[in-house]
Each structure stands twice: as C-alpha cells, then as structure tokens.
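Dear colleague,

Please find the structure below, together with its sequence.

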Amino acid sequence: MTETVTAAYVHVPFCIHRCGYCDFTVIADRDDLLEIYLDCMEQELKRELIQPHEVNTLFIGGGTPNYLPAKHLERLLKLLRDWLPLTSDAEFSMECNPEDFTSDRMKVMSDYGINRVSLGVQSFTDAHLKTLERGHKPEVVEDVVQRLRDYGFTNLGFDLIYAVPAQTILEWEQTINAAIALSPQHLSTYGLTYEKGTSFWTRRMKNNLLQAEEELERSMYALAMEKLEQAGFKQYELSNYAQPDFQCQHNQIYWNAKPYYGFGPGAAFYLDDVRSTRYRSVTGWIKKVQAKESTISSNETLDRDLAAREAVMLGLRQIAGLDTKSYEARFEMSVRDLAVDAYDEFLETGLLELSEGHLRLSYEGRFLADTVVAEFL
Ligand code: SF4
C-alpha cells in the first residue's frame, strides 16, 4: 500500500539579489512575476492535489519567502491553508531573511499559523556578511528576533555559515556566541561551498576568493559541535543542532526517506519510490503551468538497490545513525552487503561505530562523512 504523505515543501524563489555562493532556484529583480507566480502556485496545487490534503509538516523555503510583500504572503498562506491544511500538532516552518523583515509580514505569518521560523543569519561579523553578499547588518538580527517573539514565535532557528574567506576561528567563535546569546531553539551550521555556476566558483578559480584551508574548516566544525553542546544543543544531524524537542520534523521526513510533496519552481518531491524535480527556471516553470503542461523536469525511480544506498547516506548523516534491524527488514540485505571491504575497514579504523543496534559515524567519522558515505553509493 502507498505510504501516506504527511509532509509538503513549497518553494518561493524571490530574493532581493542573488548571493554569490547561491545555487538555489532564485530570481531577483522580477517583482512583476509575484502575482503570476501566485496564480501558477494556485494552479499547481489544484492540479496536483485535486482535493485538500492534510499534512503534519509544511515547509516554505526559498529563495526568501519573507521577500513577498504582506498581501502576497497572505495570498500564498491562504492557498496553503485551503490545499494543505495542517494537523492539530503540525510543524509549519518558513525560511526568512533578517533583511527588510517588516512587522506586517510577521503578523500575516502569525495569523496563518506559522510556528517555526528559520532565519538566515549566516554571520554576526559585518565583513563576512558583506563577503557573502548578504543584505543585512549583524545588529538587525536581535531586533528581528525580538519582534518575532513579540508576535508569538517561540520556535526560532538560525542558519550560520563558516569557512567564509578570511574568517578566523575567533570570529567564528564570536558568531556562535552571538547566536547562542539570542537563545534560538535550533541551529544549522554549514561550511561555505563553492558550487559550479556560481560567481563564487568563478572568483575562486581566478584566485579572487581564497577558500578556507581544510584544517581550519575542520577546526571550525569541531568548535561548533563543542560550543553548541555546552550550550545545551543536541546535534542530531551532521549540520543540525536543537534544544530538546526542537528538532526540525520536516527535515527528518527527508532523512528518513519518507514521502513528501513539493510545489513551486525547483521543488523536489518523493512519492511512490519516485523522486521528481520541477523546472528550476522560474519563467520556465511559469510557462509550463500556464500551458497546463507537467512542471516536472526529471523523475528518478529508486529501485531497491538505489533506495538501500540512499538510506545509508541519509541514515549516516543522522547522529543516531541507522537502525540496522529495520534496515535489514526493509531492504532484505545488510549495510555491509553494499560495500564489504569499506564497511570492515571503517569499523576497524573507527570511522564507523556499531552499538545498540545502530550503525553510525564516530566523532572522527563526522569530519570524513562524504568519504565514508561515498563508498556505499
Ligand atoms: S538570500 Fe538565500 S536563497 Fe536568496 S540568493 Fe541569497 S543565499 Fe540564495
């Protein structure tokens, strides 16, 4: 029987400006498309869902969803309320940027039941925000957090980036401390990556941007793990930390390979063992919706072997690791069957650990997660 879908992702592609490191589905300087995007979102929801579908986690990501002016945001949230109603204990998240985060937008978010805000803080050092081409100043974060709390948002998460060019370990520590001082419920920390096709990629090639040394990046990751644990956060995924009971439920749907819907340009979804992605080009997605054609640009069926390999990748990213018994029951094979030599070697060298029925990366293994996981893919 098909597994019930309890989660949905909705992509809002608008941003003030495309940051140099960003390779998400984003469009800047096209406010003329706001209404058209919402018309198309309405059509896509209607066409794909046919009737309203209740979900337990709903995640509005971007782009910058709070770039939408209050009246557009309200229209989007109204659509979602109609088509993706929430269960009584649902998690309803929205990604937001501190820049221009006006109170009328916060009010709309509160009125429509958003109960988790993920804030793109990235850094508390002005120079690094500039390098990352972010539009806010560090000092606005405190004000935004205060106003969000005044509107009743009690579940706040911050995204932070480390290994920014020229960032010292001391500056990273200051950013971590400043984040902790604002008492968020959740923190995600990501090492800066240079994706092909971004301006950061080109600038690095031309030696115009100096990538952080591997050793420094490793020390920064170690520092985040140490300091956040001291501050009462529990690391539950390689890059994610939460206060007790504040893990992001929506992301856990992805990591546990559960089905989810996805709407909007570039959105991925996973239904009946097929992973699909919608057109990344915002104008391309709009054209497809308007022409009443499929907005799916690619489909990949996960056969048992591929699903088994992905389950290892997703399971090992979680600090609790993989439950080996349920893995074996589900895939009728063991993790070791996928890569016997690598499996034995990683256990022997201590990058992997097996205890209490769970296979997980050791502390040391977390630094080499990509290398370990690659052997099972
Ligand atoms: S604000 Fe976020 S989504 Fe928008 S361009 Fe910058 S990194 Fe990308």
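Two strands are taken to pair if DSSP finds at least two bridges between them. Helices (H or I, at least four residues) and strands (E, at least two) are DSSP runs numbered from the N terminus. The model is a predicted one: local features need pLDDT of at least 70, side-chain atom pairs count only at pLDDT 80 or more, and totals for chains, interfaces and linings use all residues. Residue numbers start from 1 along each chain as its sequence is written.

An open sheet is formed by three strands in the order β12-β13-β14, with antiparallel pairing. Its edge strands, each pairing on one side only, are β12 (268-271) and β14 (296-301). On average, neighbouring strands of this sheet are turned by 20 degrees against each other, direction ignored. Four bridges join β12 to β13 (residues 274-278) in the antiparallel sense, and Tyr270 stands opposite Arg275 in β13.

Turning to the helices, α2 (residues 70-83) packs against α3 (residues 103-111) at an angle of about 15 degrees, with the axes 9 Å apart. Axes are lines fitted to C-alpha atoms, for helices over the stretch in contact, and angles run from 0 to 180 degrees between N-to-C directions. The two helices, α2 and α3, are therefore roughly parallel to each other (angles under 35 degrees count as such). Ala70, Leu73, Glu74 and Leu77 in α2 meet Asp104, Arg105 and Val108 in α3; contact requires C-beta atoms, placed from the backbone, within 7 Å.

Kind regards

Note on methods:
Parallel < 35°, antiparallel > 145°, perpendicular 65-115°, else oblique. Contact = placed C-beta atoms within 7 Å.
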